[in-house]
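Have a look at the structure first, then read on.

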Amino acid sequence: MKKTSPSETKPQETIKRFSLQFRIQHMVLASSVIILIFTGIPIWCFAKPSYIWWSEGAWWFDMVRWLHRFSGFALMAVSLYHMGYTTFTKEGRREFFHLLPRWKDVTDVTFNVMYFFGLRKERPRFGRFTYYEKFDYWAVYWGCVIMIGTGLVFWFDYFSAKYISWFPYKLAAEIHADEAILAALSLFIWHFYNVHYNPKRFPGTLLWWHGEISKEEMIDDHPLEYEQMIQETKKDEKRYKDAKAQRHKGA
Amino acid sequence: MIMKKGRHLSKWFERPGARWILFSVILLAGVSLCEGEIRTDSRTPYVHVITLYDKDSERIDHKDRFEAKPYSATVTCGKCHDVEAIHTGWHFNAQNSNVAPGRRGEPWVWVDGETRTQLPLSYRDWPGTYRPSEVGLSQWEFARHFGRHLPGMMLSQPESESNSEDSNPGRWPITGGLEDDCLICHSGDPSYNAGEWAVQVEKENYQWASVAAAGLAVIKGDTRKLPDDFDPEFPELSGPDVQLPTTQYYASKFDANGRVFFDIVRVPRDERCYFCHTTHGVDLNLPPRHQEDLDIHTRAGMSCTDCHRHGLDHMVTRSYEGEETHNDNISAGTLTCRACHIGQEGTDDPFKFGGRLGAPIAKHEDFPAIHFEKMECTVCHSGRWAQMDTLAIQTSLAHGLGLSDEHRHRDDPPYLVEPVFLRQSNGKIGIHRALWPAFWAVWEDEKITPLPLEEVNATLSSLLKVPAEEKEDSPKGWKPITDEEIQKALKKIQSGLKEAQTAVYVNGGLAHKLVDGKISSFEHSSAKPYTWSLAHDVRGAGQSLGIRGCTDCHADDVPFFFGQVTVATPGAKVGAKRMHELQGDYGPEFKKTHLFFKIMIIGTMVLLLLHIGGDLMRQALNKRAK
């Protein structure tokens, strides 16, 4: 366990939750998605015939378009990297395993809602990832597949026009816009509530930056993971003691 | 034996009268050969210095200033030309139900400002049009309204099939018939005045239209002023000074032998075609007329008849793909865009090799061949450059172009728009003009049948009459119809219908009926626009759709799929439909996808917001409890 937060009178105990790789991926994802949203809005609004006289050919509009494409490229890159990470690295596979939806998540949702309405005295006990964190992950997964797929249709329009007819082309535009709206709303309302607006965490956690979570937060939000961690620590300590004892015996 | 026969024959010739008999036989044979078959078989035009005849085949006495009859083009020309064969031609055979109608063409449009009606009519049974008899229009009334731009059609001598439909014989005995006038097309004389034809038709002087248009005489009189019971054989019975129009021929037009010189051309000049086949853009978004280029074929020195040609039967080649299945004309199928500019592979017919009349062969390099399967050539090469909103146009047939009219206004109905990209019956996408119908009708057994036009006018004109002071604000007195007016009108019509029938008003792309006294609108095939293909003016390759790349069509928000087709009907608020909605393709799938995402977005956000709300509520309650 590492000590951080020197501003506290009593140093807060923290636990390393996310590795550097995980955090870098998140940072690239976050920045690219935010740029995509803020550049996508003017493209969506001002490329319409009513406004095209204002936007078409304007230097700033071309810059917006290129920024959107650059961010799209970054999103594609981080998505591919993440797929490789979850397939070829031990750490990635472990995280992916934890993120898979389970039956417990369904019961967690139910019990949590009951807790909200006072029908249960205690919150459900969550593991490494809560059901809403898993929702965030899979929503992004779904969103990336759709946004990258439909975005490529438009980026390479000459290529697309040769092989697909109008219907898939126009449908791609419609889906791209609709999914973008959903993604933006989910990000700025749901995800930001969980990490920033929630009164327990306001103005927000820096977990995404340094990857460390306080012990209290760990016990409060991920008690099952904490218990598992303690058990593993104890097992490791016992193993260490046994190995030491063996060495002494051998000597 | 032969020698005996020869002697027998020579003795016969010696009989009195035998030579005269022989001479008469030879003469009759010669005449019968001449009648309808006089030809020069030369490219040099025959100089037509000919005698004029009236409809009774009597020679015209041009010097009689009071009793001279109007000349009959059919009878006069019929002395040498097979007018019966000519009458089977495309411009004259609309009433013949044995003639295949072929591809849909421009209809006649009945326009009634008082009842806010614009209804496409045709004798050719094109889907979406109505036969004049279906809406109570007799042939005589049809001639009165549309004869201004008819080449004749011999409307006083209808085909037997349509005869049974025509319960009103009209005033044919008084006005005379609207005969085919050959000079409408074949006059090379620039003084031939088709406008004068229209003037005489307006006066219902049908029989006098040909002679007036040819500039051979002054017509004095107006058959409109004659009573219905006027008998041309006994005009005195109708009173003094009541007589048919008089025909006063210009003496200078006749030579010493009483013959007239007609400047006849075998191949009609384009100006003759333009009188009936002009389209004029009236949209404010269009450049001025002098900025528009003519059809590229015209610029290249070609004439209308180079493509739209025919033989003696006058079955004009309309030059669309597949026409050979409807038209026996040997030229059909050989004068299409494809036949001249691409050619047909493996054919032995030299007329299908391509390159005809010097046509450049279109290579269409790097252009996916799928386009040729999916679209007509005209989609990319014809009409005005498509914009996001369709363009308002006027045509000769619908708006009387070619006739001088100081009151013609750009907003005059009927409201026609172009270009509209639609899928045709042959499965290919084509480029069209559109007319949204507006009419009062009866809805029964899911079918909408228009009410007789005169009956509608008689029933509703007082109810929907536009006050004189408001007429000035609207072009030609058209005023938007209000929901209240529609309600009143439908109520009035309904009162005269059977129980199983419902009064409806088709307007603005929808049908409107009364349900519990309120207007309920619904979609119906009768409310869909009537569309017909356009092919002119043709733009060259450098101005074709796609010249700027695939994204001329394959892009978000381009006219081809997402252009707005103006829904303009008399008196209704102007609306619009997207091109793809009218194309009918993928619309439901598109809407379903859009609906799916809409539900997903709203549903997801509602759930998430509820969750957030629940969490906040629980935190607040916990804090309070502490």
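What follows covers the model itself, the chain contact, the cores and some helices.

## Ground rules

This is a predicted model, where local features need pLDDT of at least 70, side-chain atom pairs count only at pLDDT 80 or more, and totals for chains, interfaces and linings use all residues. Residues are numbered from 1 along each chain as its sequence is written, chains are lettered from A and ligands numbered from 1 in the order written, and side-chain values use heavy atoms, leaving out hydrogens and water.

## Where the chains meet

Chain B puts 34 residues into the contact and chain A puts in 35 (contact means heavy atoms within 4.5 Å). Together they bury about 3400 Å², with 76% of that on carbon and sulfur atoms; buried area is the accessible area, with a 1.4 Å probe, that two parts lose on being put together, summed over both. On the chain B side, B:Phe590, B:Phe597 and B:His611 supply 17% of the area buried against chain A, more than any other three residues.

## Inside the protein

The largest nonpolar core has 59 residues, and B:Leu52, B:Tyr71, B:Leu121, B:Leu216, B:Tyr249 and B:Phe262 touch the most other members. A second, separate core of 27 residues includes A:Tyr169 and B:Met375. A nonpolar core here is a set of buried Ala, Val, Leu, Ile, Met, Phe, Trp, Tyr and Cys residues joined through side-chain atoms within 4.5 Å; buried means under 20% relative accessible area, exposed over 50%, and partly exposed in between (1.4 Å probe, protein chains only).

Helix H5 (residues 139-146) of chain B is largely enclosed by the rest of the structure, because six of its eight residues are buried. Among them are B:Trp140 and B:Phe142. Helices (H or I, at least four residues) and strands (E, at least two) are DSSP runs, numbered from the N terminus.
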